[in-house]
Amino acid sequence: MPLLELDRVIKEYYDTTIKDKYPNISLEQLTKICKAPFWFFNKSMARPDMPTVHIKWLGNFIVLPSRIKHLLIENNHKL
């Protein structure tokens, strides 16, 4: 999902559900809440040990160093 589409969906969810039910939560706070697992995943992917990452309701994500190496080699050939 493109980032602008995600922001639109978050705003729609905020306007239809969150704003009235939780008036203390701003749109900016909700955006941070919704995107936090993906920021965490991105930060984890940058670590040299490449840990298994679990995102609740989405699953476990495992990065295999051999797959990374293969993708890097493949992309270098395309350049």
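Which residues are linked with Arg 8 in a network of salt bridges? Glu 5 and Glu 12 are, the three forming one network.

This is a predicted model, in which local features need pLDDT of at least 70 and side-chain atom pairs count only at pLDDT 80 or more, while totals for chains, interfaces and linings use all residues. Residues are numbered from 1 along each chain as its sequence is written, and side-chain values use heavy atoms, with hydrogens and water left out.

**View 1. Arg 8 and Glu 5 meet in a salt bridge.** A salt bridge is a side-chain nitrogen of Lys or Arg within 4 Å of a carboxyl oxygen of Asp or Glu, and here the N to O distance is 2.6 Å. The two residues are three apart in helix H1 (residues 3–21), about one helical turn; helices are DSSP runs of H or I with at least four residues, numbered from the N terminus.

**View 2. Asp 15 forms salt bridges with Lys 11 and with Lys 19.** The N to O distance is 2.9 Å for Lys 11 and Asp 15, and the closest N and O atoms of Asp 15 and Lys 19 are 3.7 Å apart. Lys 11 lies four residues from Asp 15 in helix H1, and Lys 19 is likewise four residues from Asp 15 in that helix.

**View 3. Ile 62 lies in the loop between strand E2 and helix H3 (65–78).** Strands are DSSP runs of E with at least two residues. Ile 62 is exposed at 59% relative accessible area, where exposed means over 50% with a 1.4 Å probe and protein chains only. The C-alpha atoms of Ile 62 and Thr 52 are 4.7 Å apart, although ten residues separate them along the chain.

Key: Buried < 20%, exposed > 50% of the residue type's maximum accessible area, 1.4 Å probe, protein only.
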